[in-house]
Amino acid sequence: MVEDVQAPGRELPCVTQHCSDMEDSGDLYDAHIRNARLAWEDHECPEDLDNVECLRRKIKFFFMNPCEKYHARGRKPWKLVLQIIKIAVITIQLVSFGLSNQMVVTFKEENLMTFKHLFLKDYVDGGMASYAVYRQEDVYDHIDYILKQYGHLHNITAGNHDYDKDGGAYTPLSLCQEYYRNVSIYPGNDTFEIDAHVQTDCLKIYPMRQPLPGEALPNFELHFKRMLSVKITFVLKAINLQTVRHRELPDCYDFTVIITFNNEAHSGRIKIDLENDVDINECREWKVTGASPRSINLTVLFDCLIIITCVTSFALCTRSVINGIQLQLEYSSYCNQKVPMSDRLEFVNGWYILIIVSDTLTIIGSILKIEIQTKALTSYDVCSILLGTGTMFVWIGVIRYMGYFRKYNILILTLRAAFPNVIRFICCAGIIYLSYCLCGWIVLGPYHEKFRTLNTVSECLFSLINGDDMFPTFMNMRQKSSLVWIYSRVYLYTFVSLFIYMILSLFITIITDTYDTIKQQQQSGIPTSELQRFLSVCKDLPNSGVYRLNKTNNCFLNCCINRCRTHQERLTSEA
C-alpha cells in the first residue's frame, strides 16, 4: 500500500512534514514553507487542532482510491464493481443494436442502388458523378423510360416493392418542371431579356394507367432555354424481411424517390441525380411463425436491466459530486482567504461528471431502443447517437481507474495540465488554418476539385497536415492558368511547411514540456498547491484505523460538534 494519496487525475502527497523531515527535502521547499503562511494555519490554536486534523483526514479519505477506502473503513468498492458491470452490459447492448442497425443501413443502401438500376437508363455502378444527358431527345427518352419502368414495377422488380396507397387509391407520380417565367436569349448578339420569377408546372401520373408507347408525355413540353430543373417524385413501399432471421419484427419502409434533371447552369450538360428519403414505419398487420417472441421480451428485459444499472450509477456518482462540493465548502470555511479556483476544482471530480453524462445518454438511448424493439418508434439514428456516445464516455471513464497506478497517472496528469495551453494553441492555429481554407477556396476552387467547397477544402488541408493524399493534391491542379498554378505551389508548400514543421512541432513541445514538469514534481514530492500542502501534514495510513467510524472514535462527528461549539463561542466573545 502506497503512502501517497492518489486521486483520479491528481497526486496528493501525504507524508510527514516535520522540521527534521523538511531539512532533507531541500532548501527550495524549506524557503517556500518558511515564507508562505498558509491560510489554514490561523486555525492552529489548541482548541482547533482536533478539528483541523479531522478535516485533513476527511479530505484525505475523500481522495483515496477504492482499495484504500476499503482498508481505511472496510467499505466495499460497490461503485467500482457497478462500473465494471455497466461497461460489460452496455457494450453487449451496443453490439446488439449495432448489428440490428447495420441491417437497416444495408437495406437502405441496397434499395437506393436498386432504384438507380431500375429507373435510370443505361446506369452503371459508380457512374453517378458523370451521369448526364446532352441532347433534348435524350432528356425525353430518359423521362419516358422512368415513367415506363414505374408503370411496370410489379413485373420488373426482384424485390418486394409496391406503390404507395392513400386510402384505397394509389398515390400518383409527380412530374414537375421549374423554369423562368420569360426568357429571350440571343447569344449571337450578346443580348438577353429574362424574368427571374420561377414558375412550376406539374403533371400527375397514376400507376397502372400508363399511356400508350410513345405517348408517355402527352401535352408536356420542356422549355430548354429557360428550364431550371425537372423533378420526378414518387413513393414506393417495401418490407425489410431480413430481421426475421435475427428474431426481430420487420419494419415497413416508405421510399420517396426523387429524380432530378439539373439544368441550372444552362451549359448544355443536364446532370441527372437520384436520391431517396426513407421513412420507417411500424407495419399495420403482421404475423410471424417459427420465431419465438420470448427473445424479443428478453431483449427488452435486458434493456430494462441496463436502465436500472445506469440509474443506480447516476445516483451514486451524483451523491459523490455533492459530497465533494460540501467538503469543498467545509474546507473553504477553515481558510481566512479565498481558496484558489484550482483547489476548488480538486473537489469536483470530472470523471464522475463524465459518468453522469454517460448514464443520462445511455438511459435515454435504452428507452428509445425499447421503443424501437416494440415498434413504437423508428428513430434509429437518434438512438445510435445516444448509445454510441454513452458507450464512448463509459470506456473513456476506464482511464479514471488506471490513474490509480503511478505510471499511468502521470499520463493523465499530463493531459490535464496541458489541456489549457493546448486549447489556446489550437485557437491560434485555427485562425491560420481558417485563413488558408478561405484563400484556397476562392483561388484554387475553380481549378481543383478538392477546393470546390469550404468543407472539401478543410478536409483536404487536414489530410495534408497528416501527410495523406499529398501527391495527388499537387498533381490534380489544372494548368489552365499559369499564374494560378504558380500560386497553388506557393500556397501548398507554405501550408505544408508551416503546419507540419512548425505548428505540429510546437504542439508536441507543449505536451513534452508539461510531461517533464509533472514528472519532476512527482520525483521531488513537493506540494504544488495550498490544498496539497494542507494534506501533506497528514501521516495516517489507510490501514491505521483512524478513519473508521465507531462509537469510541467518531472523529468526523466530533469535528462538526466542535466546529459549531467554537463558532458559538466566537459569536459570544464578539458580542
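Because the model is predicted, local features need pLDDT of at least 70 and side-chain atom pairs count only at pLDDT 80 or more, whereas totals for chains, interfaces and linings use all residues. Residues are numbered from 1 along each chain as its sequence is written, and side-chain values use heavy atoms, with hydrogens and water left out.

A search of the whole structure finds 21 aromatic pairs, a pair being two rings of Phe, Tyr or Trp (its six-membered ring) with centres within 6.5 Å, counted as stacked if the planes are under 30 degrees apart, edge-to-face if over 60 and tilted for the rest. Phe 425 and Phe 507 make a tilted pair, because their ring centres are 6.0 Å apart and their planes stand at 45°. Since Phe 425 lies in helix H13 (residues 406-444) and Phe 507 in helix H16 (residues 482-524), this pair ties together parts that are 82 residues apart in sequence; helices here are DSSP runs of H or I with at least four residues, strands are runs of E with at least two, and both are numbered from the N terminus. Phe 425, at 17% relative accessibility, counts as buried, while Phe 507, at 29%, counts as partly exposed (buried is under 20% relative accessible area, exposed over 50%, partly exposed in between, with a 1.4 Å probe and protein chains only).

A second tilted pair joins Phe 495 and Phe 499, with ring centres 4.6 Å apart and planes at 35°. Both residues lie in helix H16, four residues apart, which is about one turn of the helix. Phe 495 is buried at 0% relative accessibility, and Phe 499 is buried at 4%.

Helix H11 (residues 380-396) has 17 residues and reaches 24 Å from its first C-alpha to its last, close to the 24 Å expected at 1.5 Å a residue, where the expected span is 1.5 Å times one less than the number of residues. Among its buried residues are Tyr 380, Leu 387 and Phe 393, and the buried residues of H11 pack against helix H5 (78-119), strand S11 (270-281), helix H10 (350-373) and helix H12 (398-402). Ile 396, also found in helix H11, is partly exposed, with a relative accessible area of 33%.

Conventions:
Contact = heavy atoms within 4.5 Å.
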